[in-house]
Amino acid sequence: MSRIGKKPITLPANVTVSVSDDNVVTVKGPKGTLARTIDRDIKVEVEGSELTVVRPTEQKRHKALHGLYRSLISNMVTGVHEGYKAELEIVGVGYKASVNNNILEMSLGYSHGIYFAVPSEVKVTATMEKGQNPKVFLECIDKELLGQIAAKIRSFRKVEPYKGKGIRFIGEQIRRKAGKAAAKK
């Protein structure tokens with residue numbers, strides 16, 4: 001019994017959903033259009049301003065896909081209506097970030113700069129204000145793509161637990177460790 005899969009998705013007034021014969025769900029809204037192919041066993045029914053995902057049997061596989069596709073379609077609806085944002089903070093002395101033609105250029109304490117080409121679907125901006133850590137802001141309608149890009153950017157300099165230097169989400173709590181001096185007691 002998938003509790004998530006049974007919940008209907010309420011469609012905002014300016015969002016339309018269409019399902020083709022080969023089970024491609026297309027969601028159109030004010031921010032853009034997203035499409036996803038779903039499993040042929042799972043049925044998507046649109047009735048008025050509500051969308052429901054129905055599974056054919058109680059097989060374990062169908063139960064797993066039921067909740068998965070409901071969540072994916074819900075994320076698509078939210079994405080084309082409101083969009084998603086990720087905010088990253090670069091902590092460290094001399095660390096810098098700038099954007100030029102959707103290429104994120106970062107100086108993260110290595111011997112060379114890091115150039116990361118961000119996909120055109122993702123809007124990226126970087127700010128460097130005096131007295132504050134550099135910040136990178138990502139905006140996209142596709143939640144999955146946004147998460148992958150944010151994770152890739154974080155992987156360039158993982159947060160280390162001793163000084164807390166690295167790339168992190170704004171507001172993320174880092175578990176800090178004591179240095180060598182604390183271990184001798």
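Student: Hi! I clicked on Asn23 to start. Is Asn23 buried or exposed?

Tutor: Hi there! Asn23 is buried, with a relative accessible area of 9%. Keep in mind that this is a predicted model.

Student: What is the phi of Asn23?

Tutor: Asn23 has a positive phi of about 60 degrees, although it is not a glycine. Most residues other than glycine have a negative phi.

Student: Then there's Asn101. What is the phi there?

Tutor: The phi of Asn101 is near 55 degrees, which is again a positive value in a residue other than glycine. Asn101 is found in the loop between strand E8 (96–100) and E9.

Student: And is Asn101 buried or exposed?

Tutor: Asn101 counts as exposed, at 69% relative accessibility. For Asn23, remember, the relative accessible area is 9%, which makes it buried.

Student: New topic: sheets. What is the strand order in the open sheet of four strands?

Tutor: The order is E11-E12-E7-E13, and the pairing is antiparallel.

Student: Which strands stand at the edges?

Tutor: Strand E11 (123–127) and strand E13 (166–169) do. Each has a single partner strand, so one side of each is left without a neighbour in the sheet. From one strand to the next, the twist averages 20 degrees.

Student: How many bridges join E11 to E12?

Tutor: Five bridges join E11 to strand E12 (residues 135–140), and the two run antiparallel. If you want a pair to look for, Lys123 has Glu139 in E12 as its bridge partner.

Student: I see a helix by that sheet too. Which strands does H3 lie across?

Tutor: Helix H3 (residues 143–155) lies across strand E7 (84–91), E12 and E13. Its direction is at about 5 degrees to E7.

Student: So what about the inside? How many residues are in the largest nonpolar core?

Tutor: The largest nonpolar core has 24 residues. Met106, Leu138 and Ile153 have the most contacts inside it.

Student: Which element gives the most to this core?

Tutor: That is H3, with five residues. E7, strand E9 (103–107), strand E10 (114–117), E12 and H3 each supply at least two residues of this core.

Student: Let me zoom in on Met106. Which residues is Met106 in contact with, leaving aside neighbours within four places in sequence?

Tutor: Among them are Ile90, Ala97, Ile114, Ile153, Phe156 and Ile167. Lys96 and Gly113 are also in contact with Met106.

Student: What does the second, separate core include?

Tutor: That core has 19 residues, including Ile9, Leu34, Ile42 and Tyr69.

Student: Switching to charges. How many salt bridges does a search of the whole structure find?

Tutor: The search finds six salt bridges. Side chains of opposite charge can pair when their charged atoms come close.

Student: Which residue does Arg36 meet in a salt bridge?

Tutor: Arg36 meets Glu144, at 2.7 Å from N to O. Arg36 lies in strand E4 (residues 32–37) and Glu144 in helix H3, so the pair ties together parts that are 108 residues apart in sequence.

Student: How accessible are Arg36 and Glu144?

Tutor: Both are described as partly exposed: Arg36 has a relative accessible area of 23%, and Glu144 has one of 42%.

Student: What does Arg154 pair with?

Tutor: The side chains of Arg154 and Glu172 meet in a salt bridge, at 3.3 Å from N to O. Arg154 lies in helix H3 and Glu172 in the loop between E13 and helix H4 (180–183), so this pair ties together parts that are 18 residues apart in sequence. Arg154 counts as partly exposed, at 25% relative accessibility.

Student: Which residues are joined into one network?

Tutor: Asp39, Asp41 and Arg61 are, through salt bridges that share partners.

Student: Last one! What does UniProt list for this chain?

Tutor: An unreviewed UniProt entry lists "domain: Large ribosomal subunit protein uL6 alpha-beta" for residues 12–83 and 91–168. Over residues 12–83 the chain is 31% helix and 36% strand, while over residues 91–168 it is 17% helix and 37% strand.

Key: Residues are numbered from 1 along each chain as its sequence is written. This is a predicted model: local features need pLDDT of at least 70, side-chain atom pairs count only at pLDDT 80 or more; totals for chains, interfaces and linings use all residues. Side-chain values use heavy atoms; hydrogens and water are left out. UniProt positions are given in the numbering used here, feature names are shortened, and annotations may be inferred rather than shown by experiment. Two strands pair if DSSP finds at least two bridges between them. Axes are lines fitted to C-alpha atoms, for helices over the stretch in contact, and angles run from 0 to 180 degrees between N-to-C directions. Contact means heavy atoms within 4.5 Å. A nonpolar core is a set of buried Ala, Val, Leu, Ile, Met, Phe, Trp, Tyr and Cys residues joined through side-chain atoms within 4.5 Å. Buried means under 20% relative accessible area, exposed over 50%, partly exposed in between (1.4 Å probe, protein chains only). A salt bridge is a side-chain nitrogen of Lys or Arg within 4 Å of a carboxyl oxygen of Asp or Glu.
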